[in-house]
Amino acid sequence: MALQNLTVEGFVRELASDSPAPGGGSVAALCGSLGAGLSAMVARLTLGKEKYREHWEAMEALQAEGDQLLARFLSLMEEDTESFNAFMAARKLPKETEGQKAARAQAIQEASKKTALVPLETLKACSDLVRLAGQAVAHGNPNAVTDAGTAALLAEAAGWGAAYNVSINLSGVEDQTFVARCRREVQSALEEIGTRAREIREKLRKDLEMA
């Protein structure tokens, strides 16, 4: 059954089971989808209200992008579990002959790359999410500013979760050019997310008069 078709309780209970998938990568993508949903919600709570008319155009764009990003994260949640299952299937391939051993080794390498690429895409999507959250904080309905702030927090948490999964899955990849490229992309995305999330966090601390 697709993870998206589970109830919230069903997903969490499946997560808590002894099955290794879904795991952290799928949870990172799920967190991203929640953040995208919050961002789109703030946009919808701003549109149509006359006092925020000057921001309607920006919020229309944010709403559309937020909806697209939500769908992307949900797809990545499924892809993460699928890529892990494909990796496990590759490890179970026969290895009795030299030909089988070579085919199995190649399949494992291809599957290992996929298990790193999926959370890397989740991480990149988190960069888009934190940008949207920043727009929602800056121009969205101020009564929903904490929802936008929560979206930014989710983007940062999901980004780090995805980065962890990229890194651990790269450990089995032999192609060092591929590994180096992925690590550079991880570092760049984390830096961008961290900077934007920190700015949003400090703005909200100030605006909400938090200690």
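Let us start with a cut-off: a residue counts as buried under 20% relative accessible area, as exposed over 50%, and as partly exposed in between. Keep in mind as you work that this is a predicted model.

**Exercise 1. Glu96**

Find where Glu96 sits, and decide whether Glu96 is buried or exposed.

*Solution.* 
- Step 1: locate the residue. Glu96 belongs to the loop between helix 3 and helix 4.
- Step 2: apply the cut-off. The relative accessibility of Glu96 is 74%, so Glu96 is exposed.
- Step 3: Ala162 is 66 residues away from Glu96 along the chain, and 36 Å separate the two C-alpha atoms.

**Exercise 2. Ser33 and its contacts**

Place Ser33 in the fold, classify its accessibility, and list which residues it touches beyond four places away in sequence.

*Solution.* 
- Step 1: Ser33 is part of helix 2.
- Step 2: with a relative accessible area of 6%, Ser33 falls under the 20% limit and is therefore buried.
- Step 3: once residues up to four places away in sequence are set aside, Ser33 touches Leu70, Phe73 and Leu74.

**Exercise 3. Two backbone details**

Describe the peptide bond from Ala21 to Pro22 and the phi angle of Glu209, and say where Pro22 and Glu209 lie.

*Solution.* 
- Step 1: omega for the Ala21 to Pro22 bond is near 5°, and the bond is cis.
- Step 2: Pro22 is found in the loop that links helix 1 (8–16) and helix 2.
- Step 3: turning to Glu209, its phi is positive, about 55°, although this residue is not a glycine.
- Step 4: Glu209 lies in the segment after helix 6 (176–207).
- Step 5: the relative accessible area of Glu209 is 72%, so this residue is exposed.

**Exercise 4. The largest pocket**

How much space lies in the largest pocket, which residues lie nearest its centre, and which helix gives the most to its lining?

*Solution.* 
- Step 1: the space in the largest pocket comes to about 280 Å³.
- Step 2: 18 residues line this pocket, and those nearest its centre are Phe84, Thr115, Asn165, Ile168 and Asn169.
- Step 3: helix 3 gives the most, with five residues.
- Step 4: sorted by class, the lining holds eleven polar, six nonpolar and one charged residues.

Terms used: Residues are numbered from 1 along each chain as its sequence is written. This is a predicted model: local features need pLDDT of at least 70, side-chain atom pairs count only at pLDDT 80 or more; totals for chains, interfaces and linings use all residues. Side-chain values use heavy atoms; hydrogens and water are left out. On a 1 Å grid over the protein atoms alone, a cavity is a set of points where a 1.4 Å probe fits but cannot get out, and a pocket is an open set with protein on both sides within 12 Å along at least five of seven lines; lining residues have an atom within 4 Å of a point. Grid points are joined across faces, edges and corners, and a volume is the space filled by probe spheres set on the points. Ala, Val, Leu, Ile, Met, Phe, Trp, Tyr, Cys and Pro count as nonpolar, Asp, Glu, Lys and Arg as charged, and the others, Gly among them, as polar. Buried means under 20% relative accessible area, exposed over 50%, partly exposed in between (1.4 Å probe, protein chains only). Contact means heavy atoms within 4.5 Å.
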